[in-house]
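Welcome, and please open the structure in your viewer with the sequence panel beside it.

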Amino acid sequence: MQADDTRLTRLITRQAQKRHLAALWAAAAGIAPGMIVLDIGAGSGALSFEYAALVAPGGRIIAIDPDAECIAHINEQATNRALPLHAITGTAEALPPLPAPPDRVMLTDALHHMNDPTTALRRLHAIMPPHAILFIAEYDPAGAGAMGAKLSRRTAPATVAALLAAAGFTIQAQAAAPDEHYTITAIP
């Protein structure tokens with residue numbers, strides 16, 4: 001990372017403030033050693049790095065983000081820290097080839113950024129084996145708007161539930177979560 005890279009630096013700082021959520025999300029998704037975890041919309045990798053510690057030994061994190069600069073940062077950090085993590089440039093709407101099918105798919109604070117969440121969820125459904133779990137965390141439009149996505153960009157839980165059903169998922173759990181979030185766990 002170069003010193004003049006202020007955009008990436010800001011993203012790293014902003015995502016570091018959400019690292020405390022990684023343990024909560026991982027526990028809710030059932031991330032365990034040996035699993036392959038797909039982290040969609042990984043950004044600077046703050047949560048991916050946390051998940052990587054949980055899948056060792058024998059597991060791997062596959063982080064996907066459309067920003068090539070973020071991907072380079074994640075891969076550099078993963079190498080420096082000897083983490084079982086590989087980052088790939090891409091989106092959920094146009095998934096790049098994966099080295100293995102995921103046991104868990106983490107879609108946290110990413111759905112509201114997607115241009116076509118319907119296609120994204122259908123693509124995820126198509127690559128997930130029957131035992132896999134999709135974990136979604138999004139900012140709740142019923143929240144105060146003090147943190148996270150602007151209220152106008154947030155997607156209501158009922159809307160996400162409808163999108164999941166249309167893509168073929170079955171919701172297993174839905175809950176309120178910290179920092180103005182809600183979570184949904186679904187299976188293909």
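Predicted model: local features only at pLDDT ≥ 70, side-chain atom pairs only at ≥ 80, totals over all residues.

Now show the helices whole, H2 as residues 20–29 and H3 as residues 46–55. Their axes lie 9 Å apart, and the packing angle is about 50 degrees, so H2 and H3 count as oblique to each other. The crossing of H2 and H3 is right-handed.

Next, centre on Ile61 in strand E2, which spans residues 60–65. Is Ile61 buried or exposed? Its relative accessibility is 0%, so Ile61 counts as buried. Among its contacts beyond the neighbours within four places in sequence are Ser48, Tyr51, Ala52 and Val55, along with Val37, Pro84, Leu85 and His86. Asp39 is another of these contacts; the C-alpha atoms of Ile61 and Asp39 are 7.0 Å apart, although 22 residues separate the two along the chain.

For the last stop, move to helix H6, residues 157–167, and select the buried Pro157, Val160, Leu163, Leu164 and Ala167. They span an arc of only 120 degrees around the axis, and therefore sit on the same side of H6. Show helix H5 and strands E5, E6 and E7 to see what these buried residues pack against. Then turn to the other side of H6, where Ala158 and Ala165 are exposed. Finish at Gly168, which follows H6 and has a positive phi near 100 degrees.

Technical notes. Residues numbered from 1 in each chain as written. Heavy atoms only, no water. Axes fitted to C-alpha atoms, helices over the stretch in contact; angles between N-to-C directions. Helix = DSSP H or I, 4+ residues; strand = E, 2+ residues; numbered from the N terminus. Parallel < 35°, antiparallel > 145°, perpendicular 65-115°, else oblique. Left-handed = near helix turned anticlockwise from the far one by under 90°. Buried < 20%, exposed > 50% of the residue type's maximum accessible area, 1.4 Å probe, protein only. Contact = heavy atoms within 4.5 Å. Arc of directions from axis to C-beta.
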